[in-house]
Amino acid sequence: MTDDVLGAPGEGEPGAAAPKHRSPVWRVAQILLAVAVVAISFFYAIPKIASYSEVWTEVKAMTPLEIGFLLAATALNLVTYWWANMVSIPNLGLWQAAVNNQTSTTVANTMPGGGYISIAVSYEMYRAWGFSKTDVGLSVAVTSVLNIFAKLALPAIALLLIILSGRASGSLVGASIVGIVILSAAVVLFGLVMWKKRFARAIGSGLGRAATWVARRFRGSRTFDWGEAAVRFRRNTIDFLVERWFWLTSTTIVSHLSLYLVLLLALRSVGVSDAEVNWAQVLGVFAFGRLLTALPITPGGLGIVEVAYIGGLILAGRGHADVPADVFHAQVTAAVLVFRALTYGIQIPLGALTYVIWRTNTSWRKPSPAAAPIP
């Protein structure tokens, strides 16, 4: 689906190169790298910070009320993703959105490079339910762009709030500045694409050439020509955003903030107070972790994100902890692992269930409409 959205040539189009499967050696190397990173993170890096027995002690100390609030916040976060899908695709039902989102998320969370595969899975579902290529492609493209902007905007917002709270640190400031620079470049490129057709064609062609170069470095033979696709994207997106900009933006913001809320509640539930790591610092670390999820090294950033969150929060609270250092480290580690279990781990069995629902529920299936001619 990524190619359709971004406009790579399809089969039968002039100049389209026949795609080839990746070398088995490359796929094995990718899997081994992911396994190694996860193993190093969970069996070496995290235990060096806090022992799992101490972490478990902190987790067991949570009250039923605290656990209830965490589960409620997690459920809210899941629903916000379904809501975002419903806003981006007209006439999509709530349970269809749930099945699509949970299944594709499980694919992304369990396979190396799963983010791209999950898009294909999501696309296949939508098409089986009778949604047009245009509706699905536009939905994925626009929501992807908005999510990228949200991930890049969070560090800038967090930096401002951290400075206002008087708890700025060099590491968080540096990460935030990187996000601000990337966000600025992305906003300029998107603005140019939306402004003029010729800019859209030029930028699409340039990104296509860059993607082709990267693909060939990794033994891929696909040629990406995104110039005309960027022009089509511009034309369709302008109307789409004019009609739905408020709800698209709102659902994107709410989904990110509800995810942050789960992390904040996890920290408070294990005893990390606002005086130790305030809410603005938590947002800054969260923003940096969200950027790391884009790295396609492990599924969903597994291992990398946990270490980054734990390290960032410990650095943020250094010098402010009102408990011994080993207890503080165990509390932070417990909070992060609980957060990831609720927002990453729980997605996997849920997605397996929704996949079964998709395969067995034929009442939602409809013939896909013919693609509208391109003017």
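Trainee: Of the contacts between residues at least 6 apart in sequence, what percentage join residues at least 24 apart?
Mentor: The share is 75% in this protein chain. Contact means heavy atoms within 4.5 Å. Keep in mind that this is a predicted model, where local features need pLDDT of at least 70, side-chain atom pairs count only at pLDDT 80 or more, and totals for chains, interfaces and linings use all residues. Residues are numbered from 1 along each chain as its sequence is written, and side-chain values use heavy atoms, leaving out hydrogens and water.

Trainee: How many helices and strands are there?
Mentor: The chain has 14 helices and zero strands. Both are DSSP runs numbered from the N terminus: helices are H or I with at least four residues, strands are E with at least two.

Trainee: And how much of the chain is buried?
Mentor: Buried residues make up 45% of the 375. Buried means under 20% relative accessible area, exposed means over 50%, and partly exposed lies in between, using a 1.4 Å probe and protein chains only.

Trainee: Which residues touch the most other members in the largest nonpolar core?
Mentor: Val 282, Phe 286, Tyr 309, Leu 313, Val 332 and Phe 339 do, out of 46 residues. Such a core is a set of buried Ala, Val, Leu, Ile, Met, Phe, Trp, Tyr and Cys residues joined through side-chain atoms within 4.5 Å.

Trainee: Which helix gives the largest share of this core?
Mentor: H13, with ten residues.

Trainee: What does Leu 313 touch, beyond residues up to four places away in sequence?
Mentor: Its contacts include Leu 267, Val 282, Phe 328 and Val 336. Another core, of 17 residues, lies apart from the largest one. Trp 82 and Tyr 123 are among its members.

Trainee: New topic. Is Gln 96 buried or exposed?
Mentor: Gln 96 counts as buried, because its relative accessibility is 10%. This residue is in helix H5, residues 94–110. Not counting residues up to four places away in sequence, Gln 96 touches Asn 91, Trp 129 and Trp 364.

Trainee: Where is Gly 93?
Mentor: Gly 93 is in the loop between H4 and H5. Its C-alpha atom is separated by 9.8 Å from that of Trp 364, 271 residues apart along the chain. Gly 93 counts as partly exposed, because its relative accessibility is 26%.

Trainee: Last one. Where is Trp 247?
Mentor: Trp 247 is in helix H10. This tryptophan counts as partly exposed, because its relative accessible area is 45%.
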